[in-house]
Amino acid sequence: MERKIIKTGDGSATIHIPEWNEQYHSKHGALQEAMHVFIKMGLDFTIAEFNKSELSILEIGFGTGLNALLTAFYGSTVKIDYTGVEAYPVKPEELEVLDYASVLPDFDTAEAVFNKMHQIDWEKSAAITSNFSLKKQEKTFQEIEDQDTFDLIYFDAFGARVQPELWTEDIFLKMYNSLKINGVLVTYAAKGSVRRAMQTVGFTVERLPGPPGKREMLRAVKK
Ligand SMILES: C[S@@+](CC[C@H](N)C(=O)[O-])C[C@H]1O[C@@H](n2cnc3c(N)ncnc32)[C@H](O)[C@@H]1O
C-alpha cells in the first residue's frame, strides 16, 4: 500500500495511507497523542501506581518507533525492556523524512538513540541506552503467544474502521494473557465495542480524557 509522510497539527510528522485514509498517528498531533496516551496515561501511570523500578513493555504496532523513542527518554529513571511487534516495517528513507529526533530537546542524543533502534537486528534484544533494551519482532499481532510477561502494553493498531479484526475479544485475550497481574494496557481508542471486548476477557477498564482533538481514550488493568 502507498504511504505518504504528512505534517500533523502540532508540527510533528506521521505516515498517511491514502487507500485507507488512515494515519499512523492522530492528525491533530502525532507527538501530542503519543505523549498523552502512551507516556502520561501509560508509562507514568504504571511507574507511579505500582512503584516500579523495572518495566517490561510490549508495543502493538512498533511502526515508526516514535513511542519507543519517547519511552527511552521519558522513562529513563527506570530500567525498561521493550518489545515492539510489527508485521510491515517502516523503510529507512521514510524514517529520515519523519525526523522524530527533532521533537526531543536533545537532538543529537535522540538521533543516535532513534538510529540505533532502527539499525539493530530483528528478533534479538539489544541495549539502546544503559537503561533501555529493545527487541523488535517481525510478526503479526495474531501470532503473539506470550504469557505473564509484560507490565505495560501500548496498543497502537490502526483503527477498527480499517482493521476490525485487531479489536476483537481474541486479540484482547492474547493481550490479557501476555500481561502480568496489575499489568496495564493503554490505547487511543474509546469505542464502546472495544471497551466491552476488553471487559469480556477480564480487564478492568477506565475511560480517560483523550489527547487534543479526541474526547476519550481507554486504559485497562489486569487485576
Ligand atoms: C497506528 S500504526 C502504529 C504506529 C506506531 N506505534 C508508531 O508510533 O509509529 C499501526 C501499525 O501496526 C502495523 N500492523 C498492522 N496490521 C498488523 C498486524 N496484523 N500485525 C502486526 N502489525 C500490524 C502497521 O504496519 C503499523 O505500523
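Predicted model: local features only at pLDDT ≥ 70, side-chain atom pairs only at ≥ 80, totals over all residues.

Modeller: Residues are numbered from 1 along each chain as its sequence is written, and side-chain values use heavy atoms, with hydrogens and water left out.

Colleague: Which side chain has an N or O atom 2.5 Å from an oxygen atom of the ligand?

Modeller: A polar contact is a pair of N or O atoms within 3.5 Å. A nitrogen atom of the ligand lies 3.3 Å from a polar backbone atom of A87, and a polar side-chain atom of D156 is 2.7 Å from a ligand nitrogen. For the ligand oxygen at 2.5 Å, the side chain is that of T64.

Colleague: How much of the ligand's accessible area does the protein cover?

Modeller: Accessible areas come from the Shrake-Rupley method with a 1.4 Å probe. On its own, the ligand has 600 Å² of such area.

Colleague: Which residue of β3 is the bridge partner of H16?

Modeller: Strands are DSSP runs of E, at least two residues long, numbered from the N terminus, and two strands pair if DSSP finds at least two bridges between them. Strand β2 (residues 13-17) pairs with β3 in the antiparallel sense over 2 bridges. The partner of H16 is Q23.

Colleague: At which residue does helix α1 bend?

Modeller: Helices are DSSP runs of H or I with at least four residues. The bend is the angle between axes fitted to the seven residues ending at a residue and the seven starting there. Helix α1 (residues 30-49) bends by about 40° at I39.

Conventions
Polar contact = N/O pair within 3.5 Å; in protein donor to acceptor, adjacent residues only side chain to side chain.
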